[in-house]
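Subject: Structure handover

Hello,

Here is the structure I promised to pass on. Please open it alongside this message.

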Amino acid sequence: MELPDIFFNAGPVMFYDEGLSQPFDDAYVFGPVVLKPTSRGTVKLRSTRPDAKPRIFNNFLATEEDRHSMIRGVQLAMDVALRPALTAVCRAPHLVPASSSDADVWPFIERHTQTFYHPASTCGIGRVVDPQLRVFGVESLRVVDASVMPTVIRGNTNAPVIAIAERPADLIRRSVEATPRRMNDARAAVP
């Protein structure tokens, strides 16, 4: 079965420069997101200090497959933007390639592509955490976010992360609720 390799993120606001620049006009924005990237980055510790920022190497679009998906996604976005329903409400484009040719689209991607803010699979279940999301070798520490996903999912991570968080929340709640009973049981057993 063939599965999609991109989806479109859209919003009724001018969003560019990774959301760091202020909108200066009314706008809408949409763009492709690689759904199941084959490129892999790394996250490493700089030191043993808990306040040290990690070294993060995103390595976006490192594979030919990811680059091809993104090029085709931008070309599809450009095609959609030319449809009558959108051209009727658009005064002028903002940040678009010079043409839909691969030669114009790829440099545009290199300059303007940004993260979708949903990193995943950096400490997957079975590699870094156990099925209860406890970090191997570290007492009382759990990881409860998209990083525990064993592989990158084919879609937005919001709903899956909520589902992931429900399980350890229940485990932690049960553990906390059981603690006073154990203490009371111990006091009752003292003569």
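Below is what I found, topic by topic.

First, a caution: this is a predicted model.

**Nonpolar cores**

The largest nonpolar core has nine residues: Val34, Leu61, Met70, Ile71, Val74, Met78, Val105, Phe108 and Ile109. Two elements, H1 and helix H3 (102-112), each give two or more residues to this core. H1 gives the most, with four residues. Beyond its neighbours within four places in sequence, Ile109 is in contact with Leu61, Met70, Ile71 and Val74.

There is also a second, separate core of six residues. Among them are Cys123, Val129, Leu133 and Val135. In soluble globular proteins, nonpolar side chains tend to be buried together.

Gln75 sits in helix H1, which spans residues 64-81. Is Gln75 buried or exposed? Its relative accessible area is 16%, so Gln75 is buried, the cut-off for that class being under 20%. Setting aside residues up to four places away in sequence, Gln75 touches Ser100, Ser101, Asp102 and Val105.

Ser101 lies in the loop between helix H2 (84-87) and H3. Ser101 is partly exposed, at 30% relative accessible area. In sequence, Ser101 and Gln75 are 26 residues apart. In space, their C-alpha atoms are 8.0 Å apart.

**A nonpolar surface patch**

Leu76 is also in helix H1. Leu76 is partly exposed, with a relative accessible area of 39%. Together with Phe8 and Val80, Leu76 forms a nonpolar patch on the surface. The accessible area of Phe8, Leu76 and Val80 together is about 210 Å².

**Aromatic rings**

The count comes to three aromatic pairs. Tyr16 and Phe24 make an edge-to-face pair. Their centres are 6.0 Å apart, with 80° between the planes. Tyr16 is buried, at 18% relative accessibility, whereas Phe24 is exposed, at 55% relative accessible area.

Why is the pair of Tyr28 and Phe30 stacked? The ring centres of Tyr28 and Phe30 are 6.0 Å apart and the planes are at 5°, so the pair counts as stacked, given that planes under 30 degrees apart fall in that class. Tyr28 is partly exposed, at 31% relative accessible area. Phe30 is partly exposed too, at 23%. Phe8, Tyr28 and Phe30 form one aromatic cluster.

**Salt bridges**

The count comes to seven salt bridges. Three are worth a look.

- Asp51 with Arg49: the closest N and O atoms are 2.6 Å apart. Both Asp51 and Arg49 are exposed.
- Arg83 with Asp79: the N to O distance is 2.5 Å. Arg83 is partly exposed, with a relative accessible area of 45%. Asp79 is partly exposed, at 34%.
- Asp130 with Arg134: the N to O distance is 2.7 Å. Asp130 counts as buried, at 11% relative accessibility, whereas Arg134 counts as partly exposed, at 38%.

**Backbone: positive phi**

Most residues other than glycine have a negative phi. Where are the positive values to check?

Asp17 is one of them, with phi near 55°. Asp17 is in the loop between strand E1 (6-11) and strand E2 (29-34). At 42% relative accessibility, Asp17 counts as partly exposed.

Leu133 also has a positive phi, about 65°, although it is not a glycine. Leu133 is in the loop between H3 and helix H4 (158-189). Is Leu133 buried or exposed? Leu133 counts as buried, because its relative accessibility is 4%. Leu133 also belongs to the second core, as noted above.

Best wishes

Definitions and conventions: Residues numbered from 1 in each chain as written. Predicted model: local features only at pLDDT ≥ 70, side-chain atom pairs only at ≥ 80, totals over all residues. Heavy atoms only, no water. Buried < 20%, exposed > 50% of the residue type's maximum accessible area, 1.4 Å probe, protein only. Contact = heavy atoms within 4.5 Å. Patch = residues over 30% accessible without salt bridge, like charges linked within 9 Å, V, L, I, M, F, W, Y side chains within 5 Å. Areas by Shrake-Rupley, 256 points an atom, 1.4 Å probe, with all protein chains shown as cover. Salt bridge = Lys/Arg side-chain N within 4 Å of Asp/Glu carboxyl O. Phe/Tyr/Trp six-rings, centres within 6.5 Å; stacked < 30°, edge-to-face > 60°. Core = buried A, V, L, I, M, F, W, Y, C linked by side-chain atoms within 4.5 Å.
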